[in-house]
Amino acid sequence: MTAKNTPTRWGSVSQSLHWLIALLILALGIVGLTMGELPKTPKYFWVYTAHKSIGLTVLALVVLRLGWRLYAGAPAPVPGTPTWQERIASATHWLLYVLMFAIPLSGWLYDSASGLRPFRWFGLVDVPKLSGPDPQAVAISHAIHEYGFWLLIAVVLAHAGAALYHHLFQRDATLARMLPRGWLASSPQKD
């Protein structure tokens, strides 16, 4: 498998970033939905710090992924895909990028505007504040962070559902080309 994308497949770099980011976002979502229920012990603060650190890591990985996509391009649409499906897929991908930027940035602004103690990424590096304490910025950034997460869930489910639809019903290579070769032994279409 090549590192760079080809006209028919996502390369190993794109695949690795795709699945790593997806896994980290899944973990962030689970932690984010449950961390408010934790008792206020030192572990509570460790979980919040880990959530923020992983969130900023996702932001950095998304920057890397977008840069790589601009450099390496994207595979052409699977032959036979209707134009309307191509347009929806393209809009969905860009919406995913917007949300993958907006959610961690809004979390970072929320932390900054809350006036909490300085945050250290995984306890190693001081993270600069995006603003001073600001109750209005707290309210807006929290709303973007929370509602953006739920929108992200909806868009990811649609994205995954479309990939499964293409694999199971359209019987094309849409899903297989984002997986390492051979993972779908019964890939309907060779590329």
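**Notebook: a helix pair and the salt bridges**

I started with helices H3 and H4, and their crossing is left-handed. I keep in mind that this is a predicted model.

Next I looked up the geometry of that pair. The axes of H3 (residues 83–113) and H4 (residues 135–170) come within 8 Å and cross at roughly 150°. Angles over 145 degrees count as roughly antiparallel, so H3 is roughly antiparallel to H4. I then sorted the residues where H3 meets H4: 16 are nonpolar, 11 are polar and none is charged.

On to the charged side chains. How many salt bridges does a search of the whole structure find? I got three.

I took Asp111 and Lys52 to begin with; they form a salt bridge, with 2.6 Å between the closest N and O atoms. This pair links distant parts of the chain, with Asp111 in H3 and Lys52 in helix H2 (residues 42–72), 59 residues apart. Is Asp111 buried or exposed? Asp111 counts as buried because its relative accessibility is 5%, while Lys52, at 23%, counts as partly exposed.

Asp111 also forms a salt bridge with Lys129, where the closest N and O atoms are 3.7 Å apart. Lys129 sits in the loop between strand S2 (125–127) and H4, so its pairing with Asp111 in H3 ties together parts 18 residues apart in sequence. I noted Lys129 as partly exposed, at 34% relative accessibility. Through shared partners, salt bridges join Lys52, Asp111 and Lys129 into one network.

Arg120 is partly exposed, with a relative accessible area of 36%.

Methods. Residues are numbered from 1 along each chain as its sequence is written. This is a predicted model: local features need pLDDT of at least 70, side-chain atom pairs count only at pLDDT 80 or more; totals for chains, interfaces and linings use all residues. Side-chain values use heavy atoms; hydrogens and water are left out. Axes are lines fitted to C-alpha atoms, for helices over the stretch in contact, and angles run from 0 to 180 degrees between N-to-C directions. Helices (H or I, at least four residues) and strands (E, at least two) are DSSP runs, numbered from the N terminus. Angles under 35 degrees count as roughly parallel, over 145 as roughly antiparallel, 65 to 115 as roughly perpendicular and the rest as oblique. A crossing is left-handed if the near helix is turned anticlockwise from the far one by less than a right angle, and right-handed if clockwise. Ala, Val, Leu, Ile, Met, Phe, Trp, Tyr, Cys and Pro count as nonpolar, Asp, Glu, Lys and Arg as charged, and the others, Gly among them, as polar. A salt bridge is a side-chain nitrogen of Lys or Arg within 4 Å of a carboxyl oxygen of Asp or Glu. Buried means under 20% relative accessible area, exposed over 50%, partly exposed in between (1.4 Å probe, protein chains only).
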